[in-house]
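Hi,

Here is the structure I promised to pass on to you. Have a look at it first, and my notes follow below.

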Amino acid sequence: MNVRVRYGPSPTGEPHVGNIRTALFDWLLARRFGGQFIVRIEDTDQSRAVEGAEQLILDALTWLGLDWDEGPDIGGPYAPYRQSERLPMYVDAARRLIDEGKAYRCVCSPERLDAVRKSQQKAKQPPGYDRLCRDLNCSADDPHVVRLAMPLDGETIVNDYLRGDVSFQNALLDDHVLLKRDGFPTYHLASVVDDHHMQITHVIRGEEWLSSAPRHVQTYAALGWDEPAWVHIPIIRGPDKGKLSKRHGATSIRQYAEEGFLPEALLNFLALLGWSKDESTTIMSCEEITEAFDLDGLGLSSAMFDIERLREMNARYIRDLDPADFLRRGRPHLEDRVGRPIADDELDRLLTIATAIQERVKLMPEFADYTDFFFAEGPLEYANADLMGRAYKNKPWAALESVEASLRALRSVDEAGWTTPALESALRDLAEERGEKPGAVFTPIRVAATGKRIAPPLFETLETLGQELTVERLNAAAERLARPDD
RNA sequence: GGCCCCAUCGUCUAGAGGCCUAGGACGCCAGCCUUUCAAGCUGGUAGCACGGGUUCGAAUCCCGUUGGGGCCA
């Protein structure tokens, strides 16, 4: 199957998940069938253009791992890939349509259009341009728009790849604008002209475009071109069931990146919104998805963006990371927390405990919560109540006694034997000797060593921390318990 | 309001007439494990929107209703 698909974002802001999911399906189809994935910037609405948005769009694609074969930055056989740089092609198409009597100049003022609309509203008529200029042959010298002369009756069939034939009454479709007063094309003209010239085979886009698809079908017909396959994919809905939009908060791709979602997790999640491989597979690598992807696997009903599911999937991806890779990805967050760069060898000290941390981190920034104490200098901050835990609640003397006993036990471990199994047996024996539950003894050690009630597994933590620092911190804890004034 | 699309557990979905006593995943609940927190394991909860057809037989096909969504205003 020959596949050429395009992602046509408007540079009006950062791409959000709904938008990028379309790009993902484009990309998957292209990669699956060895076709081309094209990025085309649709910047014909000058008033909405946002400086720098184009780069943000490309960055988002890159972050997700969606590479493009042709685009504004790398060019390609059908360059340029910015609509604002392709104006002559739209003007040519419009001129040809006018010459052939399939489109016409319209000089109606916005005020008149407004009045027409109001009277239609009052008369409960379907709204739309009343075609006043259709047979007037208006002069090109006056300010004008160019409109397509749509068929007056009959129906237009949109053969949607997923839905089959969808028919629209032509009587309900007005003569829409192709070229605006400023000479810029509307989406209706530009996308058709570009898709044709760029040899696009499948137009994959959100279902919100289905309503205007008959206009595009008619434009293709007027121009005498073959239509691409129309693939209107279901919209992604927000928690309020409506179309996902900026209103729903964190929807931009960059925000997800910043919040600590892994690109491969987001990609997997997005792919499963409206598509599925089979009855049971949910975790799939990008390669597996690409291999299995097919338009026929797409569903027709719109899916809700369930952030909980994404979070779970992200946690799963984090757990499955190679430990060394996990540490590399966590490093920026740790550096951010401790305020200094962490060198490779420092980071690799965490290798022994990495897996345990991976099981706990749901979002990458939490990496810092489980590692910052390894790199903290000076006394840790924590409450004495945390130090005492439940077992020694309000009994600082008992906690002190326990900490001192632990200190003696830990000091007596010889440096070469400072390993997780050795530490575990030493401290378990101690608890047994003292006739206490392990938790009672371990809690003060954990808090003293990490400054936190919630931390990675204790013995691995102590091993990683080293004997010297462990003893130092337990000493500090003992001192605090000895003068219970705070 | 008009046109269009859609309809399986709370959510994402499998299901293309008998493999369905409707499967999986997330969530949720319970238990196990347990040094905190997690992870893991076991079990459980919960759904074919409704009504008519077609058929020996319908979650699956047709029609209608209802509901949701999109576009236009």
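Which residues does H188 touch, not counting residues up to four places away in sequence? The list is H176, V177, S212, R215 and H216. Before you go further, please keep in mind that this is a predicted model.

Staying with that histidine for a moment: H188 sits in helix α5, which covers residues 187-197. Its relative accessible area is 17%, so H188 falls under the 20% cut-off and counts as buried. One of its contacts is also polar: the side chains of H188 and H216 are joined at 2.8 Å.

V177 belongs to β7 and is the bridge partner of R147. Strand β4, residues 145-148, runs antiparallel to β7, and two bridges join the pair. Together with β3 they make an open sheet of three strands in the order β3-β4-β7, with antiparallel pairing. The edges are taken by β3 (103-106) and β7 (177-179); each has a single partner strand, so one side of each has no neighbour in the sheet. If we ignore direction, neighbouring strands here are turned by 45° against each other on average.

Next, the cysteines. How many disulfides does the model have? The count is zero. For C106, the nearest cysteine sulfur belongs to C108 and lies 3.8 Å away, and C106 is in no disulfide. The sulfur of C108 has its closest cysteine sulfur in C133, at 3.5 Å.

Finally, helix α1. How far apart are the end C-alpha atoms of this helix, residues 17-32? They are 22 Å apart, and this agrees with the span of 22 Å that its 16 residues should have at 1.5 Å a residue. Of those 16 residues, 13 are buried, so α1 is largely enclosed by the rest of the structure. Just after the helix comes G34, with a positive phi of about 65°.

If you open the model, H188 with its polar contact to H216 and the cysteines C106 and C108 are the places I would like to go through with you.

Best wishes

Notes:
Residues are numbered from 1 along each chain as its sequence is written. Chains are lettered from A and ligands numbered from 1 in the order in which they are written. This is a predicted model: local features need pLDDT of at least 70, side-chain atom pairs count only at pLDDT 80 or more; totals for chains, interfaces and linings use all residues. Side-chain values use heavy atoms; hydrogens and water are left out. Two strands pair if DSSP finds at least two bridges between them. Helices (H or I, at least four residues) and strands (E, at least two) are DSSP runs, numbered from the N terminus. Axes are lines fitted to C-alpha atoms, for helices over the stretch in contact, and angles run from 0 to 180 degrees between N-to-C directions. Buried means under 20% relative accessible area, exposed over 50%, partly exposed in between (1.4 Å probe, protein chains only). A polar contact is a pair of N or O atoms within 3.5 Å; within protein, one must be able to donate a hydrogen and the other to accept it, and residues adjacent in sequence count only if both atoms are side-chain atoms. Contact means heavy atoms within 4.5 Å. A disulfide is a pair of cysteine sulfur atoms within 2.5 Å. The expected span of a helix is 1.5 Å times one less than its number of residues.
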